[in-house]
Amino acid sequence: MTLAARLRAGFAEAFGAAPAIESRAPGRVNLIGEHTDYNDGFAMPMAIGAETRVAFTPQAGAPLRVAALDFGEQDAFVPAEVVPSAAGGWRNYVRGVVDELNRAGVAVPGGTLAIAGSVARGTGLSSSASLEVALAHALLAGAGLQWRELDIALLAQRAECGFPGVRCGNLDQIASAATKAGHALLIDCRSLELRPIPLPADIAVMIVQSGVERGLVDGEYNTRRIECERAAAAMGVAALRDADEARLAAVQATLDATTWHRARHVIGENRRTLAAAEALAADDLITTGRLMRESHMSQAQDFGITVPHTDRLAALLNHAIGEEGGARQTGGGFGGAVVAVLRADRVEAVRAMVLADYRTPGGALPSIEVETPAAGAGLV
Ligand code: GLA
């Protein structure tokens, strides 16, 4: 059964009718530019085939009844009076979006709403952003409103920082809301200038799951942010976006080693991301691959967010791919997926090498997806 069919069947079962509104928002894979977004820097994600879908029948003045089909759970609350749920989990992502819409002055209608998704959770592919963005589309449509993609993305980001309390940047939500089919998206996370980068036809993007689930690492994430802010302050710049290697060298003696390493990652990663966008647009997989390998090393050695399994998987993929293309851990870090860019005619050979040599921590074969850049979110 397709996700759309599963959603409609689940909505009908929960609420005994067909929905009036349907929306979708994709997960994303970040090709390069990691932990740069909250440093006002650059990132280059693309949307993937896995997505979250929302079905909604608005009813003004009614409570909002929400069925999370993937969990077999429900929630209900009055939109205008929404507060965080003590139960936590998916409920606060939903409630957080409603809260931000309230704050933006939207009269969020109640009614019946169902959610189903195919983005694997805890793998660095942004299941939460796709939920927030799909939900915002459906609720705005229910209120009779149409917002710009970027405004939806920024609302979704605020929603994640709100009730769930993750101090994320804007990469995931912009990627889910504003990517174009067939394109990666170079994001200037400060100016919010977006540049779609067409992916040449004979390039494949492969996502391999390490099988290491990101655990409770929000604390680590927030620590990285604080370290980056400390480094920027030491250099007297608003954000690490404004620093370069020379400036970092000038303050090295005053910084503790960890802070220096964090800053070096972000400064280098911004440069790599801009260079990778040029290289990819020019169909130069040799340069793109080198930059991806450097990005992985920098995440491992300077930013401290890789784990032995993703290090192994990235090394294996890079060996299998050779010169034309490369691989790196993608997303927030501490496990999750490794992304590879390679020539399409190399996919089967590389897949075979990974299946022959890599096992997840539980001893299983890794799951491998080959992605074509999907379209950003919208109503269905
Ligand atoms: C998570 C966050 C993003 C971004 C990435 C790392 O996905 O939600 O904002 O910081 O990590 O690049």
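In which helix is R224 found? R224 is found in helix α6, where helices (H or I, at least four residues) and strands (E, at least two) are DSSP runs numbered from the N terminus. The model shown is predicted, so that local features need pLDDT of at least 70 and side-chain atom pairs count only at pLDDT 80 or more, while totals for chains, interfaces and linings use all residues. Residues are numbered from 1 along each chain as its sequence is written, and side-chain values use heavy atoms, with hydrogens and water left out.

**View 1. R224 and its contact with E220.** With a relative accessibility of 4%, R224 counts as buried; buried means under 20% relative accessible area, exposed over 50%, and partly exposed in between (1.4 Å probe, protein chains only). The side chain of R224 makes a polar contact with the side chain of E220 at 2.9 Å. A polar contact is a pair of N or O atoms within 3.5 Å; within protein, one must be able to donate a hydrogen and the other to accept it, and residues adjacent in sequence count only if both atoms are side-chain atoms.

**View 2. The residues around the ligand.**

View 3. Taken alone, the ligand exposes 310 Å², of which the protein buries 95%; accessible areas come from the Shrake-Rupley method with a 1.4 Å probe, and for residues only the protein chains shown count as cover.

**View 4. S210 and the backbone of G336.** S210 lies in the loop between β8 (203-209) and α6 (218-235), and S210 is buried, with a relative accessible area of 0%. A polar atom of the S210 side chain lies 2.6 Å from the backbone oxygen of G336.

**View 5. L192 and F334, with their positive phi values.** L192, placed in the loop between β6 (183-188) and β7 (194-198), has a phi near 65°, a positive value in a residue other than glycine, and at 21% relative accessibility L192 counts as partly exposed. F334 lies in the loop between β9 (325-329) and β10 (337-343), and its phi is likewise near 65°, a positive value in a residue other than glycine; at 15% relative accessibility, F334 counts as buried.

**View 6. P63 and G111.** P63 is found in the loop between β2 (42-59) and β3 (64-68), and at 42% relative accessibility P63 counts as partly exposed. Although P63 and G111 are 48 residues apart in sequence, they are 6.2 Å apart in space, C-alpha to C-alpha.

Terms used: A residue is near a molecule or strand if one of its heavy atoms lies within 4 Å of it.
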